[in-house]
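I opened this entry to note what I looked up in the structure.

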Amino acid sequence: MFEHRRLSTRDLDRVFSLLREGFAFERSDRARLVAMWSALMHGEVCLTVGVDDRRRPVEKRLVGCGLSVFVTD
């Protein structure tokens, strides 16, 4: 059983585990990216979606995600 929801900042560690090739940058880069994503999410300037598989344990339910940011020049 799958369901979708908005992502929260608590989901960001799990998001990195879903990356196909893993995170290819330095750990400090990962921290900066999480900080940027968190700021976007708290500022409500992005759209997010998380896909949960309710058959999995709570800590592994997130099986897909997306984050869209729209900018103008």
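I note here that the model is predicted.

**Overall build**

I looked up the extent next: the C-alpha trace spans about 40 × 25 × 20 Å along its principal axes. The accessible surface comes to about 5800 Å², and carbon and sulfur atoms hold 54% of that surface. Of the 73 residues in the protein, 25% are buried, taking buried as under 20% relative accessible area.

For contacts, I took pairs of residues at least 6 apart in sequence; 55% of these contacts join residues at least 24 apart.

**Helices and strands**

I listed two helices and three strands. Along the sequence they follow the pattern β-α-α-β-β.

**The sheet**

I found the three strands in an open sheet with the order E1-E2-E3 and antiparallel pairing. Strand E1 (2-5) and strand E3 (62-69) stand at the edges with a single partner strand each, so one side of each has no neighbour in the sheet. On average, neighbouring strands of this sheet are turned by 15 degrees against each other, direction ignored.

I then checked the pairing of E2 with E3. Strand E2 covers residues 46-53, and it pairs with E3 in the antiparallel sense over seven bridges. Which residue in E3 is the bridge partner of aspartate 52? I noted leucine 62 as that partner.

How values were computed: Residues numbered from 1 in each chain as written. Predicted model: local features only at pLDDT ≥ 70, side-chain atom pairs only at ≥ 80, totals over all residues. Heavy atoms only, no water. Pairing = 2+ DSSP bridges. Helix = DSSP H or I, 4+ residues; strand = E, 2+ residues; numbered from the N terminus. Axes fitted to C-alpha atoms, helices over the stretch in contact; angles between N-to-C directions. Buried < 20%, exposed > 50% of the residue type's maximum accessible area, 1.4 Å probe, protein only. Contact = heavy atoms within 4.5 Å. Areas by Shrake-Rupley, 256 points an atom, 1.4 Å probe, with all protein chains shown as cover.
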